[in-house]
Amino acid sequence: MSDVRYKSVLFFGAPGTGKGTQGAILGRVPGFFHLSTGDMFRGLDKESDLGKEFLKYSTQGLLVPDEFTVRLWEQHMQELVDSGDFDPSIHLLILDGIPRTVQQAGMMDSRIEVLKVVHLSCSDDEQMVDRLIKRAKSSGRPDDAKEDVVRRRLEVYRAETKPVLDHYSSGLIAEVNAIGSPAQVLSNVLSVVAPIQAEHFANALA
Ligand code: B4P
């Protein structure tokens with residue numbers, strides 16, 4: 001396995017705050033590489049042991065165990081490097097959905113160099129619930145379909161994921177308002193990440 005620490009920006013926030021939405025847009029901009037662990041898990045064959053393990057947790061609104069998650073993430077990253085899809089010398093890695101527990105954050109310290117944590121914040125749970133329930137109609141995601149599961153995901157976020165913010169120095173954390181249209185939120189996100197890309201990848205982009 002490569003010993004390069006990937007230069008990364010963490011997209012952080014409760015379910016429904018727009019991590020995946022914004023990450024997917026940024027991933028289309030040259031020089032950014034978007035990796036969503038939710039997408040990584042959903043890409044597993046549902047009939048495989050790994051796929052069944054994921055569904056066992058996600059359908060209850062729970063997080064997948066840390067060891068399994070980080071091991072799968074590391075393998076996935078290595079495959080992306082080996083295939084040439086992700087090149088750490090030119091791509092700023094946008095990590096969406098990981099680390100999601102304090103333990104994951106510790107396990108990943110030797111693998112990533114965190115340049116910024118973009119905290120998409122929204123104080124109104126009802127807006128998040130509304131967004132996820134609406135998505136259920138088009139995505140077919142079982143973890144969006146039931147309101148009690150969506151609410152459990154918000155509780156799990158507060159109990160297990162929000163403490164991850166304390167793992168990083170306060171100077172690394174950028175508060176970004178997640179309320180507003182996707183384009184407005186994108187504008188907020190870009191104001192944070194564009195200067196980081198320019199600072200760290202100026203030569204690669206020239
Ligand atoms: P994720 O796929 O990460 O699901 P999510 O938290 O709901 O966020 P997502 O990024 O997809 O949604 P977004 O807010 O962009 O995780 C799914 C499951 O995988 C987890 O519950 C867990 O079981 C497992 N998992 C993943 N990573 C893990 C880890 N590290 N450790 C353990 N388990 C892990 O979008 C939501 C909706 O809002 C969309 O429909 C979108 O169109 C809409 N929307 C977005 N922005 C909007 C805006 N500004 N206005 C209106 N609507 C908006």
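Colleague: Taking contact to mean heavy atoms within 4.5 Å, which residues does Leu95 touch, leaving out those up to four places away in sequence?

Modeller: Leu95 touches Ser8, Val9, Leu10, Phe11, Leu35, Trp73, Met108 and Ile112. Bear in mind that this is a predicted model, in which local features need pLDDT of at least 70 and side-chain atom pairs count only at pLDDT 80 or more, while totals for chains, interfaces and linings use all residues. Residues are numbered from 1 along each chain as its sequence is written, and side-chain values use heavy atoms, with hydrogens and water left out.

Colleague: And where do Trp73 and Leu95 stand in the largest nonpolar core?

Modeller: That core has 55 residues, and Trp73 and Leu95 are the ones that touch the most other members. A nonpolar core here is a set of buried (under 20% relative accessible area, 1.4 Å probe, protein chains only) Ala, Val, Leu, Ile, Met, Phe, Trp, Tyr and Cys residues joined through side-chain atoms within 4.5 Å.

Colleague: OK, the sheet: what's the strand order?

Modeller: Five strands form an open sheet, ordered β2-β3-β1-β4-β5, with parallel pairing. Strands β2 (32-36) and β5 are at the edges with a single partner strand each, so one side of each lacks a neighbour in the sheet. From one strand to the next, the twist averages 25°. Strands (E, at least two residues) and helices (H or I, at least four) are DSSP runs numbered from the N terminus, and two strands pair if DSSP finds at least two bridges between them.

Colleague: How many bridges join β4 and β5?

Modeller: Five bridges, in the parallel sense, join β4 (residues 112-121) to β5; within that pairing Val117 stands opposite Ile173, and Val118 has Ala174 as its bridge partner. Strand β5 (residues 173-177) has Ala174 and Val176 on its covered face, whereas Ile173, Glu175 and Asn177 make up the uncovered one.

Colleague: Which strands does α9 lie across?

Modeller: Helix α9 lies across β1, β2, β3, β4 and β5, at about 165° to β4, where axes are lines fitted to C-alpha atoms, for helices over the stretch in contact, and angles run from 0 to 180 degrees between N-to-C directions. Helix α1 (residues 19-26) lies across β1 (6-13), β2, β3 and β4, and runs at about 145° to β1.

Colleague: Is Gln197 buried or exposed?

Modeller: Gln197, which is found in α9 (residues 182-200), counts as buried because its relative accessibility is 10%. Leaving out residues up to four places away in sequence, Gln197 touches Pro30, Gly31, Phe32, Leu92, Ala202 and Leu205.

Definitions and conventions
Buried means under 20% relative accessible area, exposed over 50%, partly exposed in between (1.4 Å probe, protein chains only). Contact means heavy atoms within 4.5 Å.
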